[in-house]
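This report describes the fold of one protein chain. Look at the sequence and the structure first, then read on.

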Amino acid sequence: MTKEKTCPVCNANPTYPPHEVCETCYNKVKSYYVNPREYFERIQEAHRQNWLEKGKTLAPEIIEHNINFGMKSEAERWERIVGDGLSAVIVMIEAIDDQKPTPEFHRRRIVFMYDLINRLDPALFAPASKEEVESFMKSAIAFWNGEITEDERKRIYKSFCELMPQDDPYGRNAKSMVHWMICLEEYFNWMWYQWFESVYDAIFDKLPDEVWIELFKKHFADSIEEWASPS
Ligand SMILES: [Zn+2]
């Protein structure tokens, strides 16, 4: 008989194969992505009212089409996230990104980044050396700890950009991630609130999930526990 695995997110319930997490954690994440038809109907009703105020009418066929389109896109997105089974890393990312990014919490994110980046192949940061990346990351931590000034931050960032420019047009790879460590909130838009989702997207193929899980548990066990605890 095979021993039942316990969900690594809540550490309470058995997993819900083929998913790596339990049914409760699975459903919690699913509720973020999959809404009932009424949700789309409400959106379309608001849309219809808007049009009406401008003296235009929205045909019922268009409204119906929009509802179906919204539901279909959402279902497809959820299918992509689940894949062959919902991964524990994805659920942990949802749990941690759910936290309000206060300056205190951001400091913790930056310390996590330091550990994460140190686990990556240093060749990803060429021409910058491992030591140069390390030194830059230490400056980023010092900045968020209030140990260096804004002028100093700008100077360090400028010289690091010369040493290791961002080379991805979409700014989404291992190098961009190092840059993000010292950037201010104004630099980001939605990414500031989906920090770990963005980081994972940038390097998901560069580290095994076990490393993410290990580091998430090391740095954010409290956030994950809070998210998973019954509300
Ligand atoms: Zn669970």
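The text below goes from the whole chain to one helix and then to the nonpolar core.

The model is predicted. Its chain has 10 helices and zero strands. The C-alpha atoms fill a box of roughly 65 × 60 × 30 Å along the principal axes. Of the 231 residues in the chain, 22% are buried. Among contacts with a separation of 6 or more, 70% join residues 24 or more positions apart.

Just after α2, glycine 55 has a positive phi of about 80°.

In soluble globular proteins, nonpolar side chains tend to be buried together. The largest nonpolar core here has 43 residues. Val9, Val21, Cys25, Val91, Met92 and Ile224 touch the most other members of this core. Several helices each supply at least two residues of the core, as the table shows.

| Helix | Residues |
|---|---|
| α1 | 23-33 |
| α4 | 88-97 |
| α5 | 103-118 |
| α6 | 130-144 |
| α8 | 174-180 |
| α9 | 195-203 |
| α10 | 209-228 |

Which helix gives the largest share of this core? The largest share comes from α4, with eight residues.

Valine 9 shows how parts of the chain meet. Leaving out residues up to four places away in sequence, valine 9 touches Val21, Cys25, Ala88, Val91, Met92, Ala95, Ile224 and Ala228.

Note on methods
Residues numbered from 1 in each chain as written. Helix = DSSP H or I, 4+ residues; strand = E, 2+ residues; numbered from the N terminus. Core = buried A, V, L, I, M, F, W, Y, C linked by C-beta atoms within 7 Å. Buried ≥ 20, exposed ≤ 12 C-beta atoms within 10 Å, placed from the backbone. Contact = placed C-beta atoms within 7 Å.
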